[in-house]
Amino acid sequence: MSLANGREYLAIPGPSVMPDRVLRAMHRAAPNIYEGAIVDEVAGIAADLKRVAKTESNLAIYIANGHGAWEAAMANTHSRGDLCLVLATGRFALGWSMHAQGLGIELDVMDFGKSSDVDLEQVAERIAADTEHRIKSVIVVHVDTASSVRNDIPGIRRVLDEAGHPALFMVDCIASLACDDFPMDEWGVDLMVAACQKGLMTPPGLSFVFFNDKADRLRDSANCVTTYWDWRPRAWPQEFYQYFGGTAPTHHLFGLRAALDMIFEEGLDEVFSRHATLARAVWAAFDAWGTEGPLKMNIADPSKRSNAVTALSIGAPWGNDVRKWVEANAGVTLGLGIGMVDRSNPSSHGFFRIAHMGHVNTHMVLGALGSLEAALTALDIPHGTGALEAAAAVCAGR
Ligand SMILES: *Cc1c(COP(=O)(O)O)cnc(C)c1O
C-alpha cells in the first residue's frame, strides 16, 4: 500500500507548485513570433512585473534561470578589477559572488553565518572605512533560500546613505518576489534580480534584471558586458526579437501571463498577507514540535524569517529520514538542507526545508504539516504536541 498516491505537493523552495491555469495557458500550439498575441503581450508582462516589484525602473528579461540574471547584473555594471562587497547570510550571495569573480571582479566578503541576517553595524563600519570609495557595489539577498533569513534591505540602504557612499546597491529577490513585499523604489534599491519559478509560479527558464538609471549609467563604462548579456537592447528594443536576444520564450510567456493575472486578481497585498499567514502557521507547528525533541527552526527571530521558506535542523539522519518518509508515504516533497554544512559531511542529513511559496493555501500547508506529524510519529522522533492545532488556529485567524 502507498498513501502517497493522489495529488503530489512539491514543497521544495523552487521550483514551486505550478497552477493548473499556468499549465493550461502553456498547452497550446506554437505562435507566430513576428506578429500577433505574443508580440502584443510582452509590454504588458513587463509592466506587470514592475508592478509586482513596485518599481518604475528598467527591466531586462533573460531566457535563463536565476544564475543567468546574476551574471547579467554583474556584467552590465562592472569592469574587471572593480571591488564588490558581498553580504553573505547563507548560500546565495556567495553563489552570486562566484559569477562576479568569474568576470574578473574582486570580492570583499562579509559572512554573517548560516543563521543570522546582515549585521548593519558591521556593514556601517566597513562602509565608513572605505573612504576612497573603492567598493563599486554591494550585493545581498533579500531572502536567502538556504538559511531562510530575510535581510533588512531598507536598513542597508540607510547605512549607505548615512555614509554618503555611492556603491551600487544590488539585491537578489529570486526567492522572495511575489511572496514578501519588495517595494524596490521606496527601498532605494538600484538593481534587483528575480526569476519566474518561485513566487511567480512559472516553470524555470525566465529571469529578470530590474535596474534604475544609476545602474544603467555604469553600463557605459562596464567592460564585463558582452553582446548577448547586454541589457540595453532588451530593455529598449528596436525590434521585438531584441527583448530576448533571439526567439521569444513563447510558452513561458503564456504561462507567466496567466500567473501575473492570478496575482493581480487576488491582489498583490493579499498575496503577501496569504504568505505571511501561512508562514506563521508553519512556524506555530514547528514551535510546538520543538518544545520536546530535536526539531528547531534555523532562524530564531520570527521578524527575520522569510514568508516563503523555512529552514530547519533536526539532527542526522533524521532530516533525510523525514524527507524520505513524507515523499514515500504522503506525496509531499520537502527540500533538503543546503549550505549548512558540506554535503559530504554526514551531519548534512540533519537539515531540511519546507517551502510555502507561490500557489499554496491552507489545505496544502496543513496537509504538509500533518504529513510531517505522521513522519515524526512513524520514525519515533521525539516531538512536542499540539502542533497541528496551533497551525490550524493561525489559519482560523485566532
Ligand atoms: C533559487 C535561487 C537562486 C538560483 O536560481 P536558479 O534559477 O536556480 O538559478 C538564486 N538566489 C536565490 C535567493 C534563490 O532562491
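Which residue forms a salt bridge with Asp48? Select Arg257 and Asp48 together: Arg257 is the partner, and the closest N and O atoms of the pair are 2.6 Å apart. A salt bridge here is a side-chain nitrogen of Lys or Arg within 4 Å of a carboxyl oxygen of Asp or Glu, and by this rule the count comes to 18. Because Arg257 lies in helix α9 (residues 250-266) and Asp48 in helix α2 (residues 37-52), the pair ties together parts that are 209 residues apart in sequence. Helices (H or I, at least four residues) and strands (E, at least two) are DSSP runs numbered from the N terminus.

This is a predicted model, in which local features need pLDDT of at least 70 and side-chain atom pairs count only at pLDDT 80 or more, while totals for chains, interfaces and linings use all residues. Residues are numbered from 1 along each chain as its sequence is written, and side-chain values use heavy atoms, with hydrogens and water left out.

**The two domains**

Next, colour the protein by its domain assignment, which gives domain 1 (9-16 + 267-395) and domain 2 (31-263); the bounds come from an automatic or database domain assignment. Taken over C-alpha atoms, the centres of domain 1 and domain 2 are separated by 28 Å. The contact (heavy atoms within 4.5 Å) takes 28 residues from domain 1 and 28 residues from domain 2.

The area buried between domain 1 and domain 2 is about 2,300 Å², and carbon and sulfur atoms give 58% of it; buried area is the accessible area (1.4 Å probe) that two parts lose on being put together, summed over both. On the domain 1 side, select Leu268, Phe272 and Lys304, which lose the most area to domain 2 and together make up 22% of what that side buries. Across the interface of domain 1 and domain 2 the rule finds two salt bridges. Then show Asp269 and Lys54, which form a salt bridge whose closest N and O atoms are 3.4 Å apart.

**The largest pocket**

Pockets and cavities are found on a 1 Å grid over the protein atoms alone: a cavity is a set of points where a 1.4 Å probe fits but cannot get out, a pocket is an open set with protein on both sides within 12 Å along at least five of seven lines, and lining residues have an atom within 4 Å of a point. Grid points are joined across faces, edges and corners, and a volume is the space filled by probe spheres set on the points.

Select Arg7, Glu8, Tyr9, Val17 and Met364, which lie nearest the centre of the largest pocket among its 24 lining residues. About 540 Å³ of space lies in this pocket. Domain 1 and domain 2 both give residues to its lining, so the largest pocket lies between them. At least two lining residues come from each of β1 (9-11), α1 (20-26), β11 (332-336) and α12 (362-378), and the largest share, five residues, comes from α12.

By class, the lining of the largest pocket has 13 nonpolar, eight polar and three charged residues; Ala, Val, Leu, Ile, Met, Phe, Trp, Tyr, Cys and Pro count as nonpolar, Asp, Glu, Lys and Arg as charged, and the others, Gly among them, as polar.

**The second largest pocket**

Move on to Pro13, Gly14, Phe92, Gln197 and Lys198, which lie nearest the centre of the second largest pocket, lined by 21 residues. The elements that give two or more residues to this lining are α3 (66-75) and β11, and α3 gives the most, with three residues. The second largest pocket has a volume of about 360 Å³, and its lining divides into eleven nonpolar, seven polar and three charged residues. Since domain 1 and domain 2 both give residues to the lining, the second largest pocket also lies between them.

**The cavity**

The structure holds one cavity of 30 Å³ or more. To see its surroundings, select the lining residues, including Tyr9, Leu10, Ala11, His356 and Val360. Here β1 gives the most to the lining, with three residues, and by class the lining has eight nonpolar, two polar and no charged residues.

**Backbone stops**

Most residues other than glycine have a negative phi, and most peptide bonds are trans. At Gly14 to Pro15 the peptide bond is cis, with omega near 0°, and Pro15 lies in the loop between β1 and α1. The bond from Ala316 to Pro317 is cis, with omega near 0°, and Pro317 sits in the loop between β10 (309-313) and α11 (318-330). Finally, select Ala178, which has a positive phi of about 75° although it is not a glycine, in the loop between β6 (168-172) and β7 (191-195).
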